[in-house]
Amino acid sequence: MIMGCKMEIGYIIGLSLFLIAVAVALLIYGIRIKTDNVLLRNISNKKFFNESDWQIVWQDNFETLDRTMWKFNAHKNGKRNAGYYVDDEKHIFTQGGYLYIRTTWEENGKYGAGFYTGWLETAKTRYTDNYDYPEPDNWLGFNQKFGYFEIRCKCPAAEGIWSAFWLLPENTKALSEDDELGTGKDGVEIDIMESAFYREKLSKVQHVIHADYNATHAPVSAHSQGYLLDDMYHEFHTYALEWNEKEYIFYVDGIETWRTDHYNGTSLVEQYLILSVEVGNDNVPWAGDPNHNDKSKCYDFVIDYIKVMKKRDCIDE
């Protein structure tokens with residue numbers, strides 16, 4: 001009887017401790033969720049980007065699409081995740097001083113039924129596997145090491161379909177089997193803006209840096225908090241990166257949002273610009289299911305401008 005009482009008391013104490021641990025965990029988790037997203041307008045002691053020490057070295061206002069600077073990436077068989085990539089006037093075009101990368105559902109598309117969209121980049125390297133979309137003879141491209149990179153845009157209002165402005169290293173070593181692990185100096189993926197949170201009914205942007213990844217090695221990633229801003233799907237906002245030899249500094253609407261050296265130090269190589277729209281599948285379930293969207297509609301990534309700057313004392317470097 002005493003033994004039974006002891007066992008019952010022990011059970012009650014153990015259960016109580018377990019419930020307390022669960023409550024604490026939930027409290028911590030709840031706090032973490034609440035602090036993961038920050039209202040941009042509520043950032044205290046705001047720091048703003050100061051252009052006075054900077055000079056524009058390249059800018060595109062998209063009155064037309066400069067095919068000597070922007071090229072299409074066909075992704076070999078035209079597919080990436082659940083999206084098909086094509087370079088045609090329906091999915092990549094300029095209108096009224098804006099660049100449009102449009103996503104549509106096509107029952108009878110080039111690669112079959114599915115969501116079709118576009119991808120533009122400035123990599124100087126000529127691709128030998130670009131198939132139907134070779135670079136023109138006068139191809140120039142653009143890349144830069146260090147500086148300030150800014151986009152002004154509106155993002156597609158769709159679940160599982162999101163836009164991105166990002167940088168990749170020009171060299172073929174980084175993010176490959178020859179990547180020098182444990183350092184970012186040979187190049188990293190810098191995601192300045194991704195609009196992947198429409199499913200959550202949030203106007204939210206997050207900055208991400210990936211390094212040290214290839215076919216056999218998982219990426220070492222650094223993620224900022226989520227920053228909530230006024231309607232990014234129907235209003236224009238700016239998203240920017242200041243990159244130097246010591247750190248990355250991110251901005252939204254000119255307000256500093258995040259600083260990081262990504263653990264392993266910053267990229268020390270030239271990187272090129274990418275404007276893309278992603279269509280999710282089971283590999284990226286967190287962005288939602290694109291099939292939940294109205295397939296009779298089109299979903300637009302609208303870019304007003306891109307500008308790249310360098311510090312004035314670095315112009316000749």
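## Aromatic rings and their surroundings

Phe-49, Trp-54, Tyr-148 and Tyr-251 form one aromatic cluster, where rings of Phe, Tyr and Trp (its six-membered ring) count as a pair if their centres lie within 6.5 Å, with planes under 30 degrees apart called stacked, over 60 edge-to-face and the rest tilted. The model is predicted, and local features need pLDDT of at least 70, side-chain atom pairs count only at pLDDT 80 or more, while totals for chains, interfaces and linings use all residues. Residues are numbered from 1 along each chain as its sequence is written, and side-chain values use heavy atoms, with hydrogens and water left out.

Across the whole structure, a search finds 21 aromatic pairs. In one of them, the ring centres of Trp-105 and Phe-115 are 5.1 Å apart and the planes stand at 75°, so this pair is edge-to-face. Trp-105 belongs to strand 7 (residues 98-109) and Phe-115 to strand 8 (residues 112-117), ten residues apart; helices (H or I, at least four residues) and strands (E, at least two) are DSSP runs, numbered from the N terminus. Phe-115 is buried, with a relative accessible area of 3%, where buried means under 20% relative accessible area, exposed over 50%, and partly exposed in between (1.4 Å probe, protein chains only).

| Charged residue | Ring | Distance from ring centre |
|---|---|---|
| Lys-204 | Phe-197 | 4.3 Å |
| Lys-295 | Trp-105 | 3.8 Å |

## Cores and the chain as a whole

The largest nonpolar core has 67 residues, and those with the most contacts inside it are Trp-70, Tyr-239, Leu-273, Leu-275 and Ile-306; such a core is a set of buried Ala, Val, Leu, Ile, Met, Phe, Trp, Tyr and Cys residues joined through side-chain atoms within 4.5 Å. A second, separate core of seven residues includes Phe-49, Trp-54, Ile-249 and Tyr-251. If neighbours within four places in sequence are left aside, Trp-70 is in contact (heavy atoms within 4.5 Å) with residues including Trp-58, Phe-62, Leu-120, Trp-139 and Leu-273.

The chain has two helices and 22 strands, and 50% of its 317 residues count as buried. Among contacts with a separation of 6 or more, 72% come from residues 24 or more positions apart.

Ala-164, in strand 12 (residues 161-169), is buried, with a relative accessible area of 3%. The C-alpha atoms of Ala-164 and Phe-301 are separated by 8.9 Å, although the two residues are 137 residues apart along the chain. Not counting residues up to four places away in sequence, Ala-164 touches several residues, among them Met-193, Ile-274, Leu-275 and Phe-301.

## Residues in loops

Asn-244 lies in the loop between strand 18 (237-243) and strand 19 (248-252), and its side chain reaches the backbone nitrogen of Lys-246 at 2.7 Å. Asn-244 also touches Phe-146 and Thr-266, when residues up to four places away in sequence are not counted.

Lys-201, in the loop between strand 13 (189-194) and strand 14 (204-205), has a phi near 60°, a positive value in a residue other than glycine. Lys-201 is exposed, with a relative accessible area of 67%. Asp-253 is likewise not a glycine and has a positive phi of about 50°; the residue is found in the loop between strand 19 and strand 20 (255-260) and, at 33% relative accessibility, counts as partly exposed.

Conventions. Lys NZ or Arg CZ within 6 Å of the ring centre and 35° of its normal. Polar contact = N/O pair within 3.5 Å; in protein donor to acceptor, adjacent residues only side chain to side chain.
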